[in-house]
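Here is a short briefing for a first look at this structure. Take in the sequence and the model, then read on by topic.

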Amino acid sequence: MNFIEIKNLHKAYGQEEVLKGIDLTIEKGEIISIIGSSGSGKSTLLRCLNHLESFDQGQIIYEESFQASSKEDIQKIRVNMPMVFQSFYLFEHINVLNNLTLAPVKILKMKTKDAKDKAMRILEQVNMASYAHKYPSQLSGGQKQRIAIARAMMMDPKAILFDEPTSALDPEMVQEVLAVIQNLAKSQMTMIIVTHEMNFAKDISNRVIFMHEGKIHEIGKPQQIFTYPKEARTREFLNIK
């Protein structure tokens, strides 16, 4: 089943065209990693997918028929496809447990007790249950990112978008976050991941997209992209001779 279909997507900031006609179909349960140099349009594409950015031309079709045409539609897309950012965006004035339960209670109308019970189960999954009553300021970067992933999982999403989830972390904290994402992959969660972690992208992905100058320059299975890419620019980016 086609989960997302992107047709001729264009996005510009003033005179600078950032996305130049993106065409892509993503299947349910697929894990796609997007790689490329800074400024190639990777994060902009991700932000367009859940309408954090508007786009100038083209279509994004969800589950073969649904398109966003109202604020309610956009909220539905964001609930079903939350985004995990490189900067965490946790609420600093409330503890970890309340960070996780806030959206399910307010948006999904979940009972507070049910939301707290669910939050504790998910915190167990990301090895953060003992931190439920701590505040974000008491956490390391890697711990904050695991909480951000847990918060996304609270919404029972159909997909999760990851925008360079390890780029703000110290090297020793990267692996703990990648391990959480790898466990998510085992549940066949649809994931679209912008990343600079090439080995991780190679190991986890069904397909890898290399973006260059606002276009999908090359797309293929990880073995093909990382071993014998067809395009010269892909080989140059990956330092393959």
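Helices and strands here are DSSP runs, numbered from the N terminus: a helix is a run of H or I of at least four residues, and a strand is a run of E of at least two. This is a predicted model.

**The largest pocket**

- The largest pocket has a volume of about 590 Å³.
- Its lining is made of 23 residues. R78, P82, M83, A103 and R151 lie nearest the centre of the pocket.
- Four elements each supply at least two lining residues: α2 (71-80), β5 (83-84), α3 (96-106) and α5 (141-153).
- The largest share comes from α3, with five residues.
- The lining of this pocket divides into 17 nonpolar, three polar and three charged residues.

**Helix α5**

- Helix α5 has 13 residues, which should span 18 Å at 1.5 Å a residue.
- Among the buried residues of α5 are G142, K144, I149, R151 and M153.
- The buried residues of α5 pack against β5, α3, α4 (112-125), β6 (159-163) and α6 (171-186).
- Q145 is one of the residues of α5. Q145 has a relative accessible area of 0%, so it is buried.
- Beyond residues up to four places away in sequence, Q145 touches V84, F85, Q86, F88, P165 and V177.

**The nonpolar cores**

- In soluble globular proteins, nonpolar side chains tend to be buried together.
- The largest nonpolar core has 38 residues. Those that touch the most other members are L123, I149, F162, I181 and M191.
- Two or more residues of this core come from each of α3, α4, α5, β6, α6, β7 (190-194) and α7 (198-204).
- α6 gives the most to this core, with eight residues.
- A second, separate core has 26 residues, including F3, I34, F85 and V194.
- Which residues does I181 contact, leaving aside its neighbours within four places in sequence? They are I149, F162, P165, M191, I193, F200 and I204.

**The cavity**

- The structure holds one cavity of 30 Å³ or more.
- I6, L24, I26, I32, I34, L45, L46, L49, I192 and I209 form its lining.
- By class, that lining has 10 nonpolar, no polar and no charged residues.
- β2 (16-27), β3 (31-35) and α1 (42-49) each supply at least two of the lining residues. α1 gives the most, with three residues.

- K11 lies in strand β1 (residues 2-13).
- Is K11 buried or exposed? K11 counts as buried, because its relative accessibility is 6% and buried means under 20%.
- K11 and S54 are 43 residues apart in sequence, yet their C-alpha atoms are 7.8 Å apart in space.
- Leaving aside neighbours within four places in sequence, the contacts of K11 include E16, E17, T44, E53, S54 and D56.
- K134 is found in the loop between α4 and α5. K134 counts as partly exposed, because its relative accessibility is 32%.
- Not counting residues up to four places away in sequence, K134 touches N95, V96 and L139.
- The C-alpha atoms of K134 and E236 are separated by 45 Å, and the two residues are 102 residues apart along the chain.

**Positive phi angles**

- Y89 lies in the loop between β5 and α3. Y89 is not a glycine, although it has a positive phi of about 55°.
- Y89 is exposed, because its relative accessible area is 52% and exposed means over 50%.
- E213 is found in the loop between β8 (207-212) and β9 (215-220). Phi of E213 is near 55°, a positive value in a residue other than glycine.
- At 52% relative accessibility, E213 counts as exposed.

Terms used. Residues are numbered from 1 along each chain as its sequence is written. This is a predicted model: local features need pLDDT of at least 70, side-chain atom pairs count only at pLDDT 80 or more; totals for chains, interfaces and linings use all residues. Side-chain values use heavy atoms; hydrogens and water are left out. On a 1 Å grid over the protein atoms alone, a cavity is a set of points where a 1.4 Å probe fits but cannot get out, and a pocket is an open set with protein on both sides within 12 Å along at least five of seven lines; lining residues have an atom within 4 Å of a point. Grid points are joined across faces, edges and corners, and a volume is the space filled by probe spheres set on the points. Ala, Val, Leu, Ile, Met, Phe, Trp, Tyr, Cys and Pro count as nonpolar, Asp, Glu, Lys and Arg as charged, and the others, Gly among them, as polar. The expected span of a helix is 1.5 Å times one less than its number of residues. Buried means under 20% relative accessible area, exposed over 50%, partly exposed in between (1.4 Å probe, protein chains only). Contact means heavy atoms within 4.5 Å. A nonpolar core is a set of buried Ala, Val, Leu, Ile, Met, Phe, Trp, Tyr and Cys residues joined through side-chain atoms within 4.5 Å.
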